[in-house]
Amino acid sequence: MTATVDGLRRAESSPLDMRPALPLLTGAQRAATRPELLDIIEYRKSGLSVNWIIGCPLKCAYCVRHLFDNFGMSVPHALMGEDEAADLLAGHRYFQPGLTPIQLLNRATDPMLPRVKPHTFAMLRQLDQRGLTNHVLLITRWRIEPTDCDVLNAFANIKLTVLVTHSGIDDERIEPVDSAIAADSLRTAHQRAERYRVVLYWRPIIPGVNDSDGHLDRAMELSHHAHATVFTGLFFKNQIRDYYQAHGLPMPYAEGARRKVFPERLERRILARAWAGGTGSPLFRKTSCAVTYAHGVADYNGHYGIRELCDICPSAQVRRCARAWTRPDERRATALAAELGGALVRIDDRAVVVDGLDEQPRYLMQHSLGYQVHDVRKPHHHRQHGRADIGWPSQAAPTAEERR
Ligand code: SF4
């Protein structure tokens, strides 16, 4: 407990921000918290995610906190201090210095909220002072001030990317936060970026909500204020669908889905508009593609194997990924899968296919091999890019532009 309190105190006493430290979760609050949230490290596709603070006042209707019964916690609380969280990360069985991408506070709060920010910065300092050169992803929709950029530029070792979430949704029942805040943050962060990179995280794009031509044009304009732009859809898992139903919100899809929903027709419209009008920074379908392009390195998720993803990628980046992408040695892949408790099924030109491994060990394999790793029981469909089946293939007739 001493380490925890020390960590919080250090964050509080940072010369960069003197706001009071967050409250620690009490014993009673811990007892009422889902065990998954108390387990602060989780391997996700974009990286090993560290979530030592939970609670958020922003209340986006589609928040993943619905999945953890945490949506009602509006005040951020710390589960531990930064030094303890950094130790847990560095000692995690899946963590590899210099290789494993890291994500901070992307599950149950926003890292740039005023009272969370000093802790975010303290954690970044912890990682940087340990000499780690890993990618570090910070996703926010909140305010980024010029003084924050000075801090973000100060790190010497980590490859830091700030992803600014902007949806353009103006229905306050779905997204109470004004999208203009994120737009300002994007401009501020991009204008001052020296050592870090900025990605416009254009999401969630939802048919009938924020996919008008005006919304699309606004996002294309914002793409000028980022090193790369990712566009993607909505996580509409059953708990989120239930929240929409209970609150009388317009239902974008009739059913929930395990994967992100992004209909084919919508993607075609976005790409057609981007080709016609141009974008300021290149568009990407996948987060890691945008992050790695922004830093001038190859994609760490091996998306190059899913070659149809690369048809919108700048040619220099395609060459970079092509050089780095190597079919894994079968013995190594077999041993890795077995060590993690599963089995190798096959290696083909797109992916390593395994059986008996859940998402977290699959992501470990994927990042270790730089090659896609798929579950034989959850096949990926050609051109669907790992998204939900909803809206694929498109049932709508092609537009006149598409027919030309
Ligand atoms: S070449 Fe393909 S895999 Fe590499 S960053 Fe571009 S889209 Fe992603």
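Mentor: A residue counts as buried if 20 or more other C-beta atoms lie within 10 Å of its own, exposed if 12 or fewer, and partly exposed in between. Keep in mind that this is a predicted model.

Trainee: Which residues of H11 are buried, then?

Mentor: Thr 287, Ser 288, Cys 289, Ala 290, Val 291, Thr 292, Tyr 293 and Ala 294. That makes 8 of the 9 residues of H11, so the helix is largely enclosed by the rest of the structure.

Trainee: What do the buried residues of H11 pack against?

Mentor: They pack against strands S6 (135-140) and S7 (159-166), against S8, S9 and S12, and against helix H12. Just after H11, Gly 296 has a positive phi of about 70°.

Trainee: What do S8, H8 and S9 make?

Mentor: A right-handed β-α-β unit, with H8 covering residues 213-222. The loop between S8 and H8 holds Pro 204, and a cis peptide bond joins Arg 203 to Pro 204, with omega of about -15°.

Trainee: Over to the other end of the sheet. How many bridges pair S2 and S5?

Mentor: S2 (residues 47-50) and S5 (residues 102-104) pair over 3 bridges in the parallel sense. Val 50 stands opposite Leu 104 in S5.

Trainee: Switching to the ligand. Which residues are around it?

Mentor: The residues around the ligand are Cys 289, Thr 292, Tyr 293, Asp 299, His 303, Tyr 304, Leu 309, Cys 310, Cys 313, Gln 317, Val 318 and Cys 321. They divide into 8 nonpolar, 3 polar and 1 charged.

Trainee: Which helices supply at least two residues of that shell?

Mentor: H11 (287-295) and H12 (315-324) each do. Cys 289, Thr 292 and Tyr 293 of the shell are also among the buried residues of H11.

Trainee: There is also an open sheet of 3 strands. What is its order?

Mentor: S13-S14-S15, with mixed pairing. The edge strands are S13 (343-347) and S15 (373-375), each pairing on one side only. The twist averages 35° from one strand to the next.

Trainee: How do S14 and S15 pair?

Mentor: S14 (residues 352-355) and S15 pair in the parallel sense over 3 bridges. Val 352 stands opposite Val 373 in S15.

Trainee: Which strands do H13 and H14 lie across?

Mentor: H13 (residues 330-339) lies across S13 and S14, running at about 150° to S13. H14 (residues 359-369) lies across S14 and S15, at about 155° to S15.

Trainee: What about the backbone at Lys 59 and Asp 69?

Mentor: Neither is a glycine, yet Lys 59 has a positive phi of about 60° and Asp 69 has one of about 55°. Lys 59 lies in the loop between S3 (53-54) and S4 (77-78), and Asp 69 lies in the loop between S3 and S4 as well.

Trainee: How many C-beta neighbours does Asp 69 have inside 10 Å?

Mentor: Asp 69 has 14, so it counts as partly exposed. Lys 59 is partly exposed too, with 16 other C-beta atoms within 10 Å.

Trainee: Last one, the whole chain. How many helices and strands are there?

Mentor: There are 15 helices and 15 strands. Of the 404 residues, 47% count as buried. Among contacts with a separation of 6 or more, 71% are between residues 24 or more positions apart.

Terms used
Residues are numbered from 1 along each chain as its sequence is written. This is a predicted model: local features need pLDDT of at least 70, side-chain atom pairs count only at pLDDT 80 or more; totals for chains, interfaces and linings use all residues. A crossover is right-handed if, with the strands pointing away from the viewer, the path from the first strand over the helix to the second runs clockwise. Helices (H or I, at least four residues) and strands (E, at least two) are DSSP runs, numbered from the N terminus. A residue is near a molecule or strand if its C-beta atom, placed from the backbone, lies within 6 Å of it. Ala, Val, Leu, Ile, Met, Phe, Trp, Tyr, Cys and Pro count as nonpolar, Asp, Glu, Lys and Arg as charged, and the others, Gly among them, as polar. Two residues are in contact if their C-beta atoms, placed from the backbone, lie within 7 Å. Two strands pair if DSSP finds at least two bridges between them. Axes are lines fitted to C-alpha atoms, for helices over the stretch in contact, and angles run from 0 to 180 degrees between N-to-C directions.
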